Amino acid sequence: MGILATALKKFHGGVHPKEYKELSRHCAIEELPMPKRLYVPMHQHIGAPSDPCVEPGTQVFKGQLIGEPNGFVSAPVHAPTSGTIQGIEEHVSGHPSGLTMPCAVLIPDGNDQWHPELKGLEDPYNADPQAIRDKVRESGVVGLGGATFPSFIKLSPPQGKVAELLIINGVECEPYLTCDARLMEEHSQEIIDGIRIMLQALQTKQCVIAIEDNKPGAIQAMRRAAQETKNVQVVSLPVMYPQGAEKQLIEVLIHRQVPSGCLPIDVGVIVHNVATALAVREAVLFGHPLVHRVVTVTGLGIARPANLNVPVGTPAQDLIDHCGGLKNGVKKVVMGGPMMGVALGDLQAPVVKGTSGLLAMLARETVQEPEQPCIRCGNCLQACPVQLTPCEMAWRAKHDLIDQLDAVHLMDCIECGSCAYVCPSHIPLVHYFRYGKLAMAAKKHDKDKAELTRQRNQAKQARAEAEKAEKERKKEEMRLASEARKKAAAASQAGESAPAKPVPTSKPAAEESAP
Amino acid sequence: MSSTTLLTPSSPHVHGGLSIPVIMKTVIWALLPAAAMGVMVFGWSALFVMIITTLACVVTERLFNAVRHRASTLGDQSAALTGLLLAMPLPPNTPWWICVIGGGFAILMGKQLYGGLGYNMFNPALIARVFLLVSFPVQMTSWPAPAPLLSDKALSFAEGLATIISAPFNTPELLDALASATPLGQYRMEVSLGHTVREALGGSYGFDLFSAAGGMIKGSLGETSAILLLAGGIYLLRKRIITWHIPISMLAGTLLPAIIFWYTDPTKYPDPLFHLFTGGLIIGAFFMATDMVTSPVTPVGQIIFGLGCGLLTYLIRTWGGYPEGVSFAIVIMNAAVPLIDQYSRPVIYGKAKTHA
Amino acid sequence: MIEAVLSMGGMALLAGLGLGYAAIKFHVEGNPVVESLEAALPATNCGNCGFPGCHAYAEALASGEKVAISLCSPGGSEAMQSIAAILGVDPVAMETDQGPRVAMIHEEKCIGCTACIKACPVDAIVGANKQSHTVIADMCTDCEACVEPCPVDCIEMVPVPDSIYNWKWDKPAGPQVTIH
């Protein structure tokens, strides 16, 4: 039935890192006590940053708009709790650079009071798809699997394209993380509600919830919750990283690849994360914007691993303190999963909509050996889920052969880290790819800018020339005009007193005629 | 507690634990049974050959590091592996100075002058073996008959050492006395004289496949025990150090033409099992051609490479100027690796033509 | 003997004809080196190099005279590297390479004289008479042409500030082999 294949297909490559999920698998989701201060970044999604729309000193309700979306691919930012906006300040972000970005600083008042005007849709399961999309859009819902792409776009199939299948991604293939697993175990019915709303928005009849088989509790809970609902089925997948990557998951389930440069909708599929389904439910049923999320705080370096429900904007330090602090010998604190997350240099970096985990890693979990020369073992080719040639890509990036990077398809790399995970030479392949991608972008930018510069310079020169020509023309005109005038004067004089006199004598003539 | 500065490198933050020394050590382990068998079959001298080549490689590597003011690269274990791999195809009574020259050449010319591990174009052990073969043809093709340890033919420990150490620099006559042909050499010589394969290998030469597979034949000290080498190769496959692509395609590259020609004329062309169990085909397919640095990285490229190695081996064995062609075949194919890699890159996700 | 002379002579003749034909057939208008050099320069014609425009600098470089390859300040070390590659010479150190900068007008000091607007080769400064001017930072090519003409010295070249939007991963250091 439908495009969902009856059997699972193995995607190419992949790795199976030590899971460490047992650290937090059994930790039920708990609420983090309200932090003293929230730093809500204005850019928590793919697309343009939001524009802050509150003045310092404003009293805000929970869920009140504080950042307006800037363009189509953007998302609004809402106050995660009620309180006072202290200001819009530069604050350190969970960006690999460790640089700051504008954040709304919010002092919670402790009441955690929702904005009174927030309302859900009536009859959400049969609502107009556009109304659902608008609700999702204005609630700032973005993909919670980590990509943070605005969700309403993925609920709006383009003209002429039909979403035959909705895939709900509960794979959670990153090691350590258990937040999605816990959500599925504890909120299975709510997730199904969200799925029904999504199906209505997409006008899609079929949905599959994909979960890796290391989460038996989640599979069981979701199966039970899905019993009531037609056309929603739960599929258990063998564990393999990066199975949760959108395109790889699609290949596993429908045996078709998304053509390079295309979107899943081009093969009739839409993929959303389980946590996104929950956020859609909150938005459509109650009008509650996305202002908090579940974060797995774990790692061998944390005293008490936990799954915490956290307001967006909470500094990482607050989560760590709540979990008993860091143990001695922590080498890294990673925001996200161990394969793709960002290592934080400053624990004041706030939780954002896309933050799935906070890992405190000891030296023995995160081996960082010095880079050795590539011995061309080919393990990276075997591990790459995109069937790239990582060693050659890294070699080209390393030697700044930027023009050759396109030929080895660097831009198709999803930065999953599988190649670096298996590399016996400990080459930081993903690091090279990131360097190479930015170098490619910079080169293109430089080229475009040079072209623009050339055009503007030519335009300026042309204008200068035109102005000069215009001046010349004016001068010439004036000259001609004055000549003509003189001629006319001479002629009139001649008319009065013929025959014509030579020009030099015109002056006295004029004098004569003046009075 | 968070007073120590946190590291902020690029993801991924975990690693599978594989490293260059682990790979090299695993390959050495996989070679050791066959090497031990070499000592059992040919006596103590085989052990000394292995020790001398390995020492020569390790010392050369360290000296080169020192000359270039580089940190020692002995830790990656690749020099030791090169030494052992170099010893395997040598005659069990190779004079010590040939072992030293071979080891030095392998590391210096075969690897370090290219820039060290990872940059060399040719398999260092094989390029050294080819160098020795063309430089010292007499010593390199003087094959003593098996003299198993504990048998009455066996030389004592001291005698074995003496064979290697006291080997004069220039007395091919003496070595001639010891010399007799390997099965491959015997076959080529006799067939070129107009005899059939059966006449060449049967009768007084007394070749039988069973002892060939077990290693009880004349030949190089570590190449003869086909069964143990095969076991080592399977161990490497199981450990995922190598993939099936190169060994299987190389064996196919030799065995397929062997089957075809044997089928057309069994009197002139020996059967495929003869090709499989004599000479260095198995060690070549599982240990030499699979050298990571000098073989293609793409799966398709590895198959092309393996087939090329196998085919060239058969060509050289059957019509070439040397009775054995594994080393030459692999070295020739090594040179083609960049080209093969360039044109055998896999089709990436989403670029396949099968899409609607 | 005769045959040898004839055959060699014939071959020489053929080769000569071939070369002559190729010279006409594949004749290239203009100097391709100058063109590629010009493409490597930022085309602002700012004159910082001391030549009247990018084309003149490219011609001077291509002429083989001793002209430094590091004179283009808007192009920075990138342009210098490209020039070095085209001319087949070793890259040199840039005389002043402070990284990318943009012109910034201290608007409280600006008197609105439009001198800088006229000087800017790429129209990256906007403003009207007697109104404070401002720089379109994205358009500015770091050529400094506007700094000199300003009568009140209110234009300053400031480094482009670091932000998460222009931040780049540094290149990994690679295998460390030398002993320190």
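# A tour of three chains

Select β3 and β5 of chain A: these two strands pair in the antiparallel sense, joined over 2 bridges. Before you go further, keep in mind that this is a predicted model.

**Stop 1**

Which residue in β5(A) is the bridge partner of Asp51(A)? Look for Glu68(A), which takes that place.

Leu65(A) faces His78(A) of β6(A), and Gly67(A) lies opposite Val77(A) of β6(A).

The strands form an open sheet of 3 strands in the order β3-β5-β6, with antiparallel pairing. Which are the edge strands? They are β3 (51-52) and β6 (77-78) of chain A, each of which pairs on one side only. While you look at the sheet, here is a rule to carry with you: side chains in a regular strand alternate between the two faces of the sheet.

**Stop 2: where chain A touches chain B**

Show chains A and B together. Here, 59 residues of chain A are in contact with 36 residues of chain B. To explore the chain A side, select β15 (330-335), α10 (418-422) and α11, each of which supplies at least two residues. The largest share, 5 residues, is from β15(A).

**Stop 3: chain B as a whole**

Hide chain A and look at chain B alone. How many helices and strands does chain B have? The count is 17 helices and 0 strands.

**Stop 4: two crossing helices in chain B**

Select helix α13 (residues 245-264) and helix α16 (residues 299-319) of chain B. Their axes come within 7 Å and cross at roughly 35°. Is this crossing left-handed or right-handed? The crossing of α13(B) and α16(B) is right-handed.

Show the side chains where the helices meet. On the α13(B) side you will find, among others, Ile248(B), Met250(B), Leu251(B) and Pro257(B). The α16(B) side includes Ile303(B), Phe305(B), Leu307(B) and Tyr314(B). By class, this contact has 14 nonpolar, 9 polar and no charged residues.

Stay in α13(B) and click on Leu255(B), which belongs to this helix. Is Leu255(B) buried, exposed or partly exposed? It counts as partly exposed because it has 18 C-beta neighbours inside 10 Å, while a buried residue needs 20 or more. Setting aside neighbours within four places in sequence, Leu255(B) is in contact with Pro272(B), His275(B) and Leu276(B). Then use the distance tool from Leu255(B) to Thr313(B): they are 58 residues apart along the chain, and their C-alpha atoms are separated by 10.0 Å.

**Stop 5: chain C**

Follow the chain from its N terminus and you will pass the elements in the order α-α-α-α-β-α-β-β-β. Why is chain C described as more spread out than a compact globule? Its radius of gyration is 25 Å, well over the 16 Å that the globule rule gives for 180 residues.

Along its principal axes, the C-alpha trace of chain C spans about 95 × 55 × 30 Å. Buried residues account for 24% of its 180 residues.

**Last stop: chain A meets chain C**

Bring chain A back beside chain C. This contact takes 23 residues from chain A and 21 residues from chain C. To find the largest share of the chain A side, select helix α11 (residues 429-496), which gives 12 residues. The chain A side has 9 nonpolar, 7 polar and 7 charged residues.

Key: Residues numbered from 1 in each chain as written. Chains lettered and ligands numbered in written order. Predicted model: local features only at pLDDT ≥ 70, side-chain atom pairs only at ≥ 80, totals over all residues. Contact = placed C-beta atoms within 7 Å. Helix = DSSP H or I, 4+ residues; strand = E, 2+ residues; numbered from the N terminus. Nonpolar A, V, L, I, M, F, W, Y, C, P; charged D, E, K, R; others polar. Axes fitted to C-alpha atoms, helices over the stretch in contact; angles between N-to-C directions. Left-handed = near helix turned anticlockwise from the far one by under 90°. Pairing = 2+ DSSP bridges. Buried ≥ 20, exposed ≤ 12 C-beta atoms within 10 Å, placed from the backbone. Rg over C-alpha atoms; globule rule 2.2 N^0.38 Å.
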